[in-house]
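This report describes how the chains of one model meet and what lies inside them. Please keep the sequence and the structure in view while reading.

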Amino acid sequence: MTAGVAQAMRQHRGAAVGAALLAAMALAAIAAPLIAPIDPQLIAPFDRLQDPDARYWFGTDQIGRDVFSRTVYGARVSMMVGCVVALTAIFSGLLLGLLAGFIRWVDGILMRVMDGLMAIPSILLAIALVAISGPSIRSIVIAITIAEVPRVTRLVRGQVIALRGQLFIEAATTAGTSVPVILYRHIVPNLLAPLLVQASYVFAAAVMTEAVLSFIGAGVPPETPSWGNIISEGRTVFQLAPHIVLFPSLVLSVMVLSVNILGDGLRDAFDPRFTGQP
Amino acid sequence: MSARQPLLVIDHLAVEFRGRDGTTRAVDDVSLTLHAGEILALVGESGSGKSVTSLAALRLIPDPPGKIVAGTIRLDGIDLASLDDRALRRVRGKDLAMIFQDPMSSLNPVLTIGQQIGEAIRLHEGGSDEAVRARIIEVLELVRIPQADMRIDQYPHQLSGGMRQRVMIAMALSCGPRVLIADEPTTALDVTIQAQILALLRDLRERLGMAILLITHDLGVVAENADRVIVLYGGRKVEEGPVDALIRNPRHPYTRGLLGSMPHLDSAISDDAHARLVEIPGAVPHNAGSLPGCGFAARCPLADDHCRTNRPPLTAVGADRLSACWKHDQLAGGAA
Amino acid sequence: MLEYVLRRIVATIPVLLLVAIIVFSLLYLAPGDPAAVLAGDQASAEEIARIRSSLGLDQSFLQRFLQWGGGVLRGDLGQSVFSGRPVTSLIAQRLEPTIALTVLSLLVALLIAIPLGVLAAWKPGSWLDRGAMGFAVLGFSVPVFVLSYCLILLLAVALPVLPVQGYKPLMDGIGPFLRHMILPAFALGVLNAALIARTTRAAMLEVLRQDYIRTAQAKGLPVMRVLIGHALKNAAIPIVTIIGISFAMLISGVVVTETVFNIPGVGRLTVDAILRRDYPVIQGVILLFSVAYVLLNLLIDLSYGLFDPRIRL
């Protein structure tokens, strides 16, 4: 497992670069108050729509707030949403997938519900969930998690059923080993690698979805500086001051790209079938 | 050898494959000559280079990782290496056609028999839709496929294994090739179908005057069907000669091993057409071609230190016969 | 064949039913009291209660679901809380730009993805392959509004050859219609192409290893005939399957793209409805898109037989 991660870093320069960029952004998010030169909420009425310069690296928005500082703080929202959604989606998916994989009647009901959820495009599902629970980071996290869980559940269930069929599990069962022990010894270790890869993709999807939701006004409350919000606010003055949209867009793309490259590298390192493919 | 003009001449062919652990020479210094109306068998175990040789003849070696590094292939005096892609494509399927081992995987599952045969005809001969269709039915009948006008619109999965191989042959014959390369044409088929397909090939050779390069690991098939034989081992030619003489009196220990006949060589193999070949102990060494001595030495009962350090040259050992063995004299005159 | 079609159709019914239950639950769980909204600020408690019972809001979940479901089957998706107009006609009005954007961007995606995937698989490891796969990762990572704004900046602001935003219906002529559609369709299509290109490449790599490809080459067929006539047809099933799956991404993209380019389509309707908390409209749109998604994937399932004769049994 750890060896696989290390191998991914060594074999795929992209994966290492992705991991490094992601780590840098995580640090920036944590240390936002130290890095951001100006209070992200500070309104400077005389410095509206300033182009990027030495004082305002990313320029200012239409009420004179510093776009760089807001972008740095926006990293907090994205990082938080990405991490929390990845963790909750993976753990709920793992739990549900294990239940479906081991208990027949649960499988029938659960997988039908998952089919139904997967039939609704995930952004729309998230929009609907945020619409009924009100715009807050918490409801965003819950909404994106619900949209991502079916895929993880399917993955886990598929792996469990495949692993259960394999001989070593049968041998373990006949030897009188209890189900929790089988889970702990055989199933979960085999699931770690695919789940780690999946977690990176869920993280990327969550960051992207949060930005889209905020962009269309179904995301975090407008007073919170999130990348989607900054871009959405800059939308109306895009032709006048494109920097408000472009800088957070660039940072957002780089973050999602880093996570995706990292995920691809991990996948290649864990799955010998993909080895050698770029 | 006769004074006839040879059709296909391969001279000093060498093919290499680049892999993770270095380059492997799959074919090393192999030469062969094929005359019109002749059936020449290329014999060897898997890894002997027989299939690679045949693919090289059509320049179908996947590159990368494979590459023809030396030698010439001439069809009717024309060097195939000198042809550009377009000219080469005019030769493939037209003058030089090939049938492959597994007729199920070698036919495209999503195209009908007629589409697959027809596209070669359209490509090389042209003609109206009706003329092409008539020609397809004609070749299907040539390879004795019943109800050809119905089969033409069927898909490969609707046919039996033997029927599929007949379709492969029909496809190869559709443009009247002068040389047919048959790479293990019967290996994937059961015994009675094998005999039918081989009889068909012999018959087509008679009627159409084609030359056939028959690639097989089965000396029983060779004894019954070929005129001449070349035995390959580890990518090198180890023995060559007319089929009867070579089988009656092999002059290379590997050929003997293939015949599984060290003790009673004279019980002619033709008595038992499908005589089981006795396993030769060991396997073809991966690096047989790069060993300093004889590639077969490690598995040879006759090998001595000289064999292991000096590579035996191909030597004439009688009328039209060659052997690459230091001890071919010891093998002269039947049982050792 | 007929049995296969029927079985597939029957299998989608429970999925559609589940989608309906989920979508209905969303409205059921929505905060606020539609009766109170309809009754207005001055209404008394009795009045609200009367409206509530006239709307059937005092009934059980199941009763209300059956009533709503019956309406849906008759094409009645309820009324907008904001404008009071039927949701069905609100959607119908906005359908043309959305269908146009979807179809055009899918077209752009296919025109980019299929050749790219085929050529990448033909020469794996080449600069073309690396470029194509780099493009694919980038396509997964760049949100559609980011690419949209970059394109606007480039082709509408810096180099003003195309309109910045807006929509001209087909009725106004094909020229203006296309001029307004190029940027949004391209932005959405390029990003959607990433997934399709990646799948095309993987499917083609698998097919190009097969023996029948060698047979086709041995016949003397030109490379393009081998790649398209023999290989692509065998790779078609995974490719059309991913097109179906990517339709979900396309829908999300449509909602965003319509916002960026100010296109008065169903996506824009959704965003406005979110801002106004107009739940019946949100619900209707989600139901429509989800049903379209399920039905498209059913059609794709049924199309497998066209690509592989072995499935026609």
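Helices (H or I, at least four residues) and strands (E, at least two) are DSSP runs, numbered from the N terminus. The model is predicted: local features need pLDDT of at least 70, side-chain atom pairs count only at pLDDT 80 or more, and totals for chains, interfaces and linings use all residues. Residues are numbered from 1 along each chain as its sequence is written, while chains are lettered from A and ligands numbered from 1 in the order in which they are written.

**Chain B**

Chain B has 12 helices and 12 strands. Of its 336 residues, 47% are buried. A residue is buried if 20 or more other C-beta atoms lie within 10 Å of its own, exposed if 12 or fewer, and partly exposed in between, with C-beta atoms placed from the backbone. Two residues are in contact if their C-beta atoms, placed in that way, lie within 7 Å. Among contacts in chain B between residues at least 6 apart in sequence, 65% join residues at least 24 apart.

Two loop residues of chain B have a positive phi. B:Glu184 has a phi of about 45° although it is not a glycine. B:Glu184 is found in the loop between strand 7 (179-183) and helix 8 (191-208) of chain B, and is buried, with 20 other C-beta atoms within 10 Å. For B:Gln147, also not a glycine, phi is near 50°. The loop that holds B:Gln147 runs between helix 5 (129-142) and helix 6 (148-151) of chain B. B:Gln147 is exposed, with 10 other C-beta atoms within 10 Å.

**Where the chains touch**

Two pairs of chains touch, and the most contacts are between chains A and C. Chain A and chain B do not touch; their nearest C-alpha atoms are 11 Å apart.

In the contact with chain B, 19 residues of chain C meet 22 residues of chain B. Helix 9 (211-218) and helix 10 (223-261) of chain C each supply at least two residues of that side of chain C. Its largest share, seven residues, comes from helix 9 of chain C.

**Inside chain A**

Helix 10 (residues 227-235) and helix 11 (residues 243-270) of chain A pack at an angle of about 155°, with their axes 8 Å apart. Axes are lines fitted to C-alpha atoms, for helices over the stretch in contact, and angles run from 0 to 180 degrees between N-to-C directions. The two helices are therefore roughly antiparallel (angles under 35 degrees count as roughly parallel, over 145 as roughly antiparallel, 65 to 115 as roughly perpendicular and the rest as oblique). The residues of this contact divide into eight nonpolar, two polar and one charged.

Which residues does A:Val202 contact, leaving aside its neighbours within four places in sequence? They are A:Val85, A:Ala86, A:Ala89, A:Ile90, A:Glu148 and A:Val152.

Technical notes
Ala, Val, Leu, Ile, Met, Phe, Trp, Tyr, Cys and Pro count as nonpolar, Asp, Glu, Lys and Arg as charged, and the others, Gly among them, as polar.
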